[in-house]
Amino acid sequence: MKVAIVTGAAKPDSIGHEVALRLLKEGMRVVVADLYEEGFAALKQCFCVRCDVSDPSSVEEMIGKAVKHFGRLDVLVNCVGGSWGITRRDLIAAPPLGFRGLTNCSLEEWSTIVAANLDSVFYVCRAAAPHLKKQGGAIVNVASIAARKGIPPGSEGSSGPYAVAKAGVMGLTRQLALELGEFGVRVNCVAPGVIASGRLKRVLQITKQDHGPEGSLKAIPMGRVGTVEECAALIVALCTDDTSYMTGVTVDVNGASYAA
Ligand SMILES: NC(=O)c1ccc[n+]([C@@H]2O[C@H](COP(=O)([O-])OP(=O)(O)OC[C@H]3O[C@@H](n4cnc5c(N)ncnc54)[C@H](O)[C@@H]3O)[C@@H](O)[C@H]2O)c1
């Protein structure tokens with residue numbers, strides 16, 4: 001039976017949560033790695049491990065526990081990300097109002113956001129790679145439309161460093177695909193537009209505007225935001241053998257908000 005790790009899946013309304021449930025339905029054993037321990041009770045079918053993905057030692061420990069528990073690793077989905085709600089301290093806090101661009105964010109904001117969105121993906125992939133290489137497998141990273149087109153000032157709950165970090169995730173995906181191809185490990189990336197996860201709902205509750213973290217909701221050609229199910233379905237497809245010759249790519253899921 002295949003074993004999958006999903007980071008950022010403990011919040012019940014997150015994209016990662018839906019991915020974890022769908023991987024279970026695919027017949028995989030699923031490890032959830034998250035800081036939000038309050039969400040573990042609702043994931044009884046998964047092996048839940050407290051982990052801060054922006055801390056390399058916490059990541060090494062989590063991968064060790066997962067492999068010890070299930071004996072192998074086939075699939076890794078890196079879902080953790082965001083420009084708030086990415087540290088234990090602000091996990092349940094309200095989103096900060098205002099837009100922080102590259103030139104008006106603090107050094108602390110820059111390093112926190114880059115650590116959670118980009119460094120984390122490197123840490124988890126690096127720790128998982130030796131196990132994935134044993135029999136082959138799949139990695140799916142989650143970037144953002146923000147990396148494709150940037151984030152306009154006025155977008156609440158997001159920031160310039162987030163867009164930059166997510167562009168790094170796309171580059172990391174391509175590089176890893178080149179390095180791991182000979183081991184039968186595929187590495188792909190999904191770039192969501194505006195998706196109705198808890199993250200978006202929390203921003204909209206506060207701003208009562210049409211601007212979410214990834215830009216204006218009115219500017220979506222399909223006329224609506226995406227659902228976590230629509231985003232998770234794509235991620236899971238990239239985890240399975242249905243996409244066995246796809247690697248090194250970033251796939252958009254954004255209602256035509258941007259075409260690469
Ligand atoms: N929702 C959107 O509109 C949207 C758009 C584009 C990209 N994305 C990306 O999709 C991914 C999932 O987004 P979401 O909307 O489901 O987010 P979310 O905030 O709903 O869920 C994120 C999950 O990650 C966990 N987490 C946060 N920081 C962590 C850390 N340091 N270590 C371990 N776990 C941590 C949280 O507890 C939560 O379970 C993110 O990478 C996000 O940047 C989302």
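The largest pocket is lined by Ser83, Trp84, Ile86, Thr87, Arg89, Asp90, Pro96, Arg100, Glu108, Glu109, Thr112 and Ile113. This is a predicted model, where local features need pLDDT of at least 70 and side-chain atom pairs count only at pLDDT 80 or more, while totals for chains, interfaces and linings use all residues. Residues are numbered from 1 along each chain as its sequence is written, and side-chain values use heavy atoms, with hydrogens and water left out.

**The largest pocket**
- A pocket here is an open set of points on a 1 Å grid over the protein atoms alone, with protein on both sides within 12 Å along at least five of seven lines; lining residues have an atom within 4 Å of a point.
- The volume of the largest pocket comes to about 210 Å³, counted as the space filled by probe spheres set on the points, which are joined across faces, edges and corners.
- Its lining splits into four nonpolar, three polar and five charged residues (Ala, Val, Leu, Ile, Met, Phe, Trp, Tyr, Cys and Pro are nonpolar; Asp, Glu, Lys and Arg are charged; the others, Gly among them, are polar).

**The largest cavity**
- There are three cavities of 30 Å³ or more in the structure; in a cavity, a 1.4 Å probe fits but cannot get out.
- The largest cavity holds about 660 Å³ of space.
- It has 39 lining residues, and Cys79, Val80, Gly81, Gly82 and Arg199 are the closest to its centre.
- α6 gives the largest share of that lining, with four residues (helices are DSSP runs of H or I with at least four residues, strands are runs of E with at least two, and both are numbered from the N terminus).
- By class, the lining has 20 nonpolar, eleven polar and eight charged residues.

**The ligand**
- The ligand sits in the largest cavity, meaning more than half of its atoms lie within 2 Å of the cavity's grid points.
- Around the ligand are 30 residues, with Ile15, Asp34, Tyr162, Lys166 and Ser197 the closest; to count, a residue needs a heavy atom within 4 Å.
- An N or O atom in the side chain of Tyr162 is 2.7 Å from a ligand oxygen atom, and a backbone N or O atom of Ile15 is 2.8 Å from a ligand oxygen atom.

Definitions and conventions: A polar contact is a pair of N or O atoms within 3.5 Å; within protein, one must be able to donate a hydrogen and the other to accept it, and residues adjacent in sequence count only if both atoms are side-chain atoms.
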